[in-house]
Amino acid sequence: MKFLKPLFVFLIINFGALGLGMLFMGDGASSEWYTSMNKAPWTPPGWVFGVAWSLIMICFSIYMTFLYLKLPIRTVFFLFTLQFILNIAWNFAFFNQHLITPSLIIIIGLTLTVSTLMIRYWDLMRIKTILIAPYVIWLCIASSLNLYILLNN
């Protein structure tokens with residue numbers, strides 16, 4: 001029970017971030033603006049994004065639960081809150097406002113924030129760090145997609 005309660009809270013918060021991101025992105029990937037863009041050849045099909053983000057948020061929630069139980073300090077909550085805000089902000093800036101350069105800055109900030117969680121707490125989390133790795137990898141891919149759109153549109 002000690003593990004399940006914070007896990008449930010992190011799942012609600014993380015999937016809430018995905019829900020808010022979807023809400024703030026408007027028509028998103030189906031919009032005329034996005035569909036008419038020159039996208040990177042490695043852009044995955046649309047359905048991959050939903051599956052990837054769901055798996056990433058499950059893994060990230062488990063990681064954050066383990067981290068919280070070992071180290072419930074202000075820095076952890078600051079980094080978690082920052083990634084929450086940046087995650088939502090990217091959807092709004094990119095899909096809703098069509099701000100490609102600021103979106104790239106946001107996603108790089110998000111990548112650095114999540115990477116900081118991974119690197120800073122490696123000694124404490126050890127093998128459990130594998131749970132946050134998909135998030136960092138996906139953010140690197142997403143950053144490259146954002147950069148490609150910036151350079152080719």
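In the predicted model, Gln83 lies in helix α4, which covers residues 74-96, helices here being DSSP runs of H or I with at least four residues, and strands runs of E with at least two, numbered from the N terminus. With a relative accessibility of 1%, Gln83 counts as buried, where buried denotes under 20% relative accessible area, exposed over 50%, and partly exposed the range in between (1.4 Å probe, protein chains only). Apart from its neighbours within four places in sequence, Gln83 is in contact with Asn14, Phe60, Leu110, Thr113, Val114 and Tyr135, contact being defined as heavy atoms within 4.5 Å.

Residues are numbered from 1 along each chain as its sequence is written, and side-chain values use heavy atoms, with hydrogens and water left out. As this is a predicted model, local features need pLDDT of at least 70 and side-chain atom pairs count only at pLDDT 80 or more, whereas totals for chains, interfaces and linings use all residues.

The protein chain contains 7 helices and 0 strands, and its pattern along the sequence reads α-α-α-α-α-α-α. The radius of gyration of the protein chain is 16 Å, close to the 15 Å that the globule rule gives for 153 residues, so the chain is as compact as a globular protein of that length; the radius is taken over C-alpha atoms, and the rule is 2.2 Å times the number of residues to the power 0.38. The C-alpha trace spans about 50 × 25 × 25 Å along its principal axes. Of the 153 residues in the protein chain, 42% are buried, and among contacts between residues at least 6 apart in sequence, 83% join residues at least 24 apart. The accessible surface amounts to about 8,300 Å², with 74% of it belonging to carbon and sulfur atoms; accessible areas come from the Shrake-Rupley method with a 1.4 Å probe, and for residues only the protein chains shown count as cover.

Helix α3 has 25 residues and reaches 37 Å from its first C-alpha to its last, close to the 36 Å expected at 1.5 Å a residue, the expected span being 1.5 Å times one less than the number of residues. Buried residues of α3 include Val48, Ala52, Trp53, Ile56, Met57, Phe60, Tyr63, Met64 and Leu67, and what covers the buried residues of this helix includes α1 (4-24), α4, α5, α6 and α7. Helix α3 (residues 46-70) also gives the most to a nonpolar patch, with 4 residues. This surface patch, of about 500 Å², is made by Phe15, Trp47, Val51, Leu55 and Ile58; patches are made of residues with over 30% relative accessible area and no salt bridge, like charges being joined within 9 Å and nonpolar side chains (Val, Leu, Ile, Met, Phe, Trp, Tyr) within 5 Å. Leu55, found in helix α3, counts as exposed at 52% relative accessibility.

For helix α5 (residues 100-120), the 21 residues should span 30 Å at 1.5 Å a residue, and the end C-alpha atoms are 30 Å apart, which agrees. Its buried residues, including Leu104, Ile107, Leu110, Thr111, Thr113 and Val114, pack against α2 (32-35), α3, α4 and α7 (133-152). In helix α7, Ser143 is buried with a relative accessible area of 12%, and it touches Leu104, Ile107, Ile108 and Thr111, not counting residues up to four places away in sequence.

Tyr121 is found in the loop between α5 and α6 (122-125) and is buried, with a relative accessible area of 4%. Residues up to four places away in sequence aside, Tyr121 is in contact with Tyr63, Leu67, Leu71, Ile73, Thr75, Val76, Leu79, Thr116 and Arg126.

Side chains of opposite charge can pair when their charged atoms come close. The count comes to 1 salt bridge, defined as a side-chain nitrogen of Lys or Arg within 4 Å of a carboxyl oxygen of Asp or Glu. It joins the side chains of Asp123 and Arg126 (3.8 Å, N to O); Asp123 is exposed, with a relative accessible area of 58%, whereas Arg126 counts as partly exposed at 44% relative accessibility.

Most residues other than glycine have a negative phi. Arg126, in the loop between α6 and α7, has a positive phi of about 45 degrees although it is not a glycine. His98, in the loop between α4 and α5, likewise has a positive phi, of about 60 degrees, without being a glycine, and counts as partly exposed at 35% relative accessibility.
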